[in-house]
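The points are grouped by topic.

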Amino acid sequence: VLIHIEVQSQRQSDFPHRMFEYYYRIHDLFQRPIASFAILADEHANWRPSEYSLGLWGSSMRFRFPTVKILDYAERWEMLDRSKNPFAIVVQAHLKTLETRQNVSERSYWKSALAKHLYRRGFNKDDIIKLFRFIDWIMVLPEFLETQFYQEIIQFEKEAKMPFMSIAERIGMEKGLKEGRDEGREEGKL
């Protein structure tokens, strides 16, 4: 059995056709049963494609695929918060990224809260690093808030005595912070 998963972050009219196209190409290549799933990570609550069909002169074909809408999990925040499943934090980061599009200070708060919450969930060091990288990648902040965020995480690590970054990552991050501060001083911003 093969599993085909598509993560779609934008509403796209040809998405159902693409799902079908990938399905039949995978089937053509491997000649095995396939289960296709769509994860809809867009911000449009009512966009829920789940099938592709075509027909002409009595010939027809219908391809249906299950979907999961990330927005549906906004009402299940507490359940996500308690979950030990790493995808729960991925969903939370995505939801807060959508929710804070217009408010960078609120995004900064949630980025910090989610990063710190990685420890409380009991993930191992490697999982924390990977999930932290995802949070960092998806929840983009302006440079000055990014610098504050890293300083806050470093302080949190020291107080919690639970470092989650390797020495090389920490040195690279601290070097980046120093370069950012030096550039800010040169430009008269600090």
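**Surface patch and nonpolar cores**

Val1, Ile3, Ile5, Val7 and Phe37 make a nonpolar surface patch of about 530 Å². The model is predicted.

Surface patch
- Strand β1, residues 2-8, gives the most to the nonpolar patch, contributing three residues.
- Isoleucine 5, one of the patch residues, is found in strand β1.

Largest nonpolar core
- The largest nonpolar core has 27 residues, of which Leu114, Leu118, Phe132, Ile135, Met139 and Phe149 touch the most other members.
- At least two residues of this core come from each of the helices α2 (77-82), α3 (86-99), α4 (104-120), α5 (125-138) and α6 (143-160).
- Leaving aside residues up to four places away in sequence, Leucine 118 touches Ile89, Phe123, Ile128, Leu131, Phe132 and Ile135.

- Another core, of nine residues, lies apart from the largest one.
- Among the members of this other core are Phe20, Leu40, Phe63 and Phe65.

Lysine 96
- Helix α3 holds lysine 96.
- Lysine 96 has a relative accessible area of 8% and therefore counts as buried, the cut-off being under 20%.
- Lysine 96 touches Trp77, Trp110, Leu114 and Met139, with residues up to four places away in sequence not counted.
- Of these contacts of lysine 96, Leu114 and Met139 are also among the residues that touch the most other members of the largest core.

Definitions and conventions: Residues numbered from 1 in each chain as written. Predicted model: local features only at pLDDT ≥ 70, side-chain atom pairs only at ≥ 80, totals over all residues. Heavy atoms only, no water. Core = buried A, V, L, I, M, F, W, Y, C linked by side-chain atoms within 4.5 Å. Buried < 20%, exposed > 50% of the residue type's maximum accessible area, 1.4 Å probe, protein only. Helix = DSSP H or I, 4+ residues; strand = E, 2+ residues; numbered from the N terminus. Contact = heavy atoms within 4.5 Å. Patch = residues over 30% accessible without salt bridge, like charges linked within 9 Å, V, L, I, M, F, W, Y side chains within 5 Å. Areas by Shrake-Rupley, 256 points an atom, 1.4 Å probe, with all protein chains shown as cover. Salt bridge = Lys/Arg side-chain N within 4 Å of Asp/Glu carboxyl O.
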